[in-house]
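This briefing is meant to be read with the sequence and the model side by side.

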Amino acid sequence: HRRLDLRVQAFFGEIIAVREESSRLAQRLAQTLEAMDQAFVLLDKDWHFSFVNAQAELILKSRRADLLGKVIWDVLPRARKASFGIGCERVIATGQPHRFDCYFPKPFDIMLDISVNPTPDGLAIYFRDVTEDRAKTEQLRLLQLSVSHLNDAVLITEADPLDAPHGPKIVYVNEAFTRMTGYPVDAVIGKTPRMLQGKDTQRGEIERLIKAIKRNEPVKAELINYDINQRPFWVEMTINPVLNDKGVVTHLVSIQRDITERKNAELAIKLSEERFRIVSNASNAVIWDYNQQTDTIWY
């Protein structure tokens, strides 16, 4: 009997040890879920809240004491027939995890990134507020769409290295750049804007641009560039530095406009005036020109 008692005591001792270890593990798991930066809830098979962490309280705008034991559809009645409810039903039907975005209208007015996972007792649901992230993404999408449809070419490069033989790398060009130069986007990303320069590109202007950029100053210039077929064209460009939160220039944004037609017209006028001056200087007759707008006479 004594041996039996010892065995019974050992057996119950093992049970107690297992229970204590299980309790410690459960406590550690609860602490981990509580410290998560994501909201987390557990639902049983009848849709009751069985666990709610602090982040879930914040997003659902309810205390966990008011949520535990309640049916989720009583708390979120409009969500059952929305994408959230459909997503949860899908996980139950397939037994497979499902991740999706879902908008929750007022009083929440938030967009949530939701991950629903099946468990033996119901569902484990992770979710986080991505309202601000989605708004920024939408703003960026609209900005990219707007820039892509500009008539002026937009070229964005890294700020460094300006003095390296190959120059800074191109990270973005819009459709107008392709129309102006003939280069497709994938042919210029990672390359340098110096690929557009040629024998007649004004070196003095390039040096002036570099000096202004090093001083973190916006700068404007007119340059001769070359398209994909090595045909020269005039471009009017404005380069603006982009600074990060620490005030360090990380990128350069260049807005460029093809002014070849204007430059050709200016050159034609200049040549015409020069020819007129030569002819007039070679003539013995008096030749004069009166400008009605400025009330001046040239002779």
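Two strands are said to pair if DSSP finds at least two bridges between them, and the helices (H or I, at least four residues) and strands (E, at least two) are themselves DSSP runs, numbered from the N terminus. The model is a predicted one, in which local features need pLDDT of at least 70 and side-chain atom pairs count only at pLDDT 80 or more, while totals for chains, interfaces and linings use all residues. Residues are numbered from 1 along each chain as its sequence is written, and side-chain values use heavy atoms, with hydrogens and water left out.

**Strand pairing**

- Strand 6 (residues 153–158) runs antiparallel to strand 10 (residues 249–258), and six bridges join the two.
- Strand 6 is also antiparallel to strand 7 (residues 170–173), to which three bridges join it.

**Salt bridges**

- The structure holds 13 salt bridges, a salt bridge being a side-chain nitrogen of Lys or Arg within 4 Å of a carboxyl oxygen of Asp or Glu.
- Arg128 forms one of them with Asp113, and the closest N and O atoms are 3.4 Å apart. Because Arg128 lies in strand 5 (residues 122–129) and Asp113 in strand 4 (residues 110–119), the pair ties together parts that are 15 residues apart in sequence.
- The two partners differ in accessibility, for which buried means under 20% relative accessible area, exposed means over 50%, and partly exposed lies in between (1.4 Å probe, protein chains only): Asp113 is buried at 6%, whereas Arg128 is partly exposed at 32%.
- Arg128 and Asp113 also belong to a network of salt bridges that links them with Arg99 and Asp133.
- In another salt bridge, the side chains of Glu205 and Arg208 meet at 2.9 Å, N to O. These two residues are three apart in helix 9 (residues 203–214), so about one helical turn separates them. Glu205 is partly exposed at 22% relative accessibility, and Arg208 is partly exposed at 34%.
- Arg64 and Glu57 likewise meet through their side chains in a salt bridge of 2.9 Å, N to O, and Arg64 is partly exposed, with a relative accessible area of 25%.

**Cavities**

- A search of the whole structure finds two cavities of 30 Å³ or more, where a cavity is a set of points, on a 1 Å grid over the protein atoms alone, at which a 1.4 Å probe fits but cannot get out, and lining residues have an atom within 4 Å of a point. Grid points are joined across faces, edges and corners, and a volume is the space filled by probe spheres set on the points.
- The largest cavity contains about 340 Å³ of space, and of the 20 residues that line it, Pro193, Gln197, Leu209, Ile213 and Ile239 are the closest to its centre.
- Helix 9 gives the most to the lining of the largest cavity, with four residues.
- The lining of the largest cavity comprises 13 nonpolar residues, six polar and one charged, where Ala, Val, Leu, Ile, Met, Phe, Trp, Tyr, Cys and Pro count as nonpolar, Asp, Glu, Lys and Arg as charged, and the others, Gly among them, as polar.
- The second largest cavity has a volume of about 80 Å³, and its lining has 10 nonpolar residues, with no polar and no charged ones; among them are Val41, Phe49 and Leu60.

How values were computed: On a 1 Å grid over the protein atoms alone, a cavity is a set of points where a 1.4 Å probe fits but cannot get out, and a pocket is an open set with protein on both sides within 12 Å along at least five of seven lines; lining residues have an atom within 4 Å of a point.
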